[in-house]
Amino acid sequence: MTAPPLAPPKRRGRRAHHTDPPQRPTGPSRVSIYIRRSTDDEHQPFSLDAQRAALEKYVASQPDWTIVAEYEDDASGATTERPGLKKALHAAKAGLYDVLLVYRLDRFSRSVTDLLDLVTILEASNVRFSSATEPIDTGGPFGRMMLQLLAVFAEFERNIIIDRVKSGMTAKASKGKWAGGTRPYGYLVNPDHRLVPHPDEAPILRDIFRLYTRDRVGTRAIATTLNERGVPNRTGKKWSGHTINRILDNPAYIGDIAYRDVYVPDAHDPLIDRDTFQRAQDIAAARGDAQTQRAMSDSDYYLTGLLTCPRCGHRYIGTSANGRTRRYRYYTCFTRTRYGKHATCDAPRLPADDLDNAVLQALYDFYTTAEPVLVAMIERAHTQRHTTTDDRTAELTALANQITTTETSISRYHTAFENGTMDDATAGPRIRELRQRLAQLHTRHTELDADLTAQPAPPAPGTITTIRDYLSTIMTSGSDTERKAAIETLIAEVQLTDQGVIPVFKIPTDTTMPPPNPGEGTHEEQPPVRTMVRSVGRAGLEPATEGL
């Protein structure tokens, strides 16, 4: 009996499971077009109008294709956070179209990862992705392969563009030109890409540095002052302390260009001298010290917040040690206090009792012979006012122009409302906003005009005598709180030098000082002295530092 023939052996191996790709529909298709203008399109012929015209022509050449929607963006393709793109994806998920058409792949995305994610979203919504100038159509396997290949080249091209832009900006900066980006407040960029002073903003910029370095006003307070004046920032919005901080730290205002590793000094006309800019940096560094606030706390140490270590720059703080019979008080550098004998700063401790009494006595002595110093101080104030007159006059002129422009705008809105071409819902809020702005401009104009006409004057008669008598009283019978308040009111800082301890005095313009009452502490209802920001130092005050 013959055996039946054996069946051919089956080939062993792993069987791949393939999912059939979605077939390209052959019927009518609803097409949505997506166009995007990128940040580098000044060098590429990809304007929105050109893309739109090309896509409409392409759709017209395809049988049964109809444009049902259009989405556009004016943003970089490096991110998917684009309003138009998000709307297109939402519409795809809602089934509002069948094909998303772009002019070129890089108009959709320049990132391989983002592109694949976007296409996955479209395919999950049964929407094909297609390009009018490239063999890309996710309705077939070849189109999907070309999609991934061209996405790699699109990302590569984007990286090349970024490198070229950075190289171009670096080359511009090395020639002393503005590298690009948002211009600094106070400057304009001329056709040669160099910074030139802005006629309206430059006086405001100088005023910011004056407020910070001379008047010692904080960044938030400066921002509040500018907002109250109705002065807009570069973008037309309100000022913030962060914006003021960035201005104070920008070397462009001393005429230098800084971009990446390039630093070109004296590249354009400065708005601020280098000494003022350096003072701003020093003040910012001191205020950034967390111990500054601690040193200003209320205590029985009269000079808290007024002493700065000349070796490490940190504040002196009050410390104490208990002996057998008494408590010893000192002013000690924060660095030494925190790190002890391992501290990198070896500044000496200063006996607080002796230093407090010496500074208080020096304050009293100063007001016994203050008249000659005040004469010199007023002369210096006249000189300072003379150097800033041009800036303040320019600001006054700019304010007058802004007032005229705002009044004209209000008049136009009134005319439009009266003629019936604009309703109250539109005109009313804008008119109220313009009136508020006009009130701010008038307030600042009045302040500036008064400041230009006013002249520095000595304190009112009897002020010096009243302060001297007040100091004499609190030195003999006043409380620690009253003495501390007097020092904080009348002394700007206490400098520690090789020649000795030098206090810097504030010069008062008026006094509203009631007689002291040691039993009741500080008179909080009326401040002892109302002072102006001018200050003067007295050299040679004893005891000297090395003697403490």
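Modeller: A polar contact is a pair of N or O atoms within 3.5 Å. The model discussed here is predicted.

Colleague: What makes the link between the side chains of Arg329 and Asp356 a polar contact?

Modeller: The two side chains are 3.3 Å apart, and the limit is 3.5 Å, so the pair qualifies.

Colleague: Why is Arg329 called buried?

Modeller: Arg329 has a relative accessibility of 11%. Buried means under 20%, so Arg329 counts as buried.

Colleague: Which residues does Arg329 touch, leaving aside those up to four places away in sequence?

Modeller: Among them are Asp300, Tyr301, Thr319, Ser320 and Leu350. Asp356 is also one of the residues touched. Arg329 itself sits in strand β10.

Colleague: Which strands make up the sheet that holds β10, and in what order?

Modeller: The order is β9-β10-β11, in an open sheet with antiparallel pairing.

Colleague: What makes β9 and β11 the edges?

Modeller: β9 (316-322) and β11 (350-351) each have a single partner strand, so one side of each has no neighbour in the sheet.

Colleague: How do you know that β9 and β10 pair?

Modeller: Seven bridges join β9 to β10, residues 327-333. Pairing needs at least two bridges, so these strands count as paired, and they run antiparallel. Within this pair, Ile317 stands opposite Thr332 in β10.

Colleague: Which helix packs on the sheet, and which strands does the helix touch?

Modeller: Helix α12, residues 352-368, touches β10 and β11. The direction of α12 makes about 75° with that of β10.

Colleague: How many helices and strands does the protein chain have, and what share of its residues is buried?

Modeller: The protein chain has 16 helices and 14 strands. Of its 548 residues, 41% are buried.

Note on methods: Residues are numbered from 1 along each chain as its sequence is written. This is a predicted model: local features need pLDDT of at least 70, side-chain atom pairs count only at pLDDT 80 or more; totals for chains, interfaces and linings use all residues. Side-chain values use heavy atoms; hydrogens and water are left out. Helices (H or I, at least four residues) and strands (E, at least two) are DSSP runs, numbered from the N terminus. Contact means heavy atoms within 4.5 Å. Axes are lines fitted to C-alpha atoms, for helices over the stretch in contact, and angles run from 0 to 180 degrees between N-to-C directions. Buried means under 20% relative accessible area, exposed over 50%, partly exposed in between (1.4 Å probe, protein chains only). A polar contact is a pair of N or O atoms within 3.5 Å; within protein, one must be able to donate a hydrogen and the other to accept it, and residues adjacent in sequence count only if both atoms are side-chain atoms.
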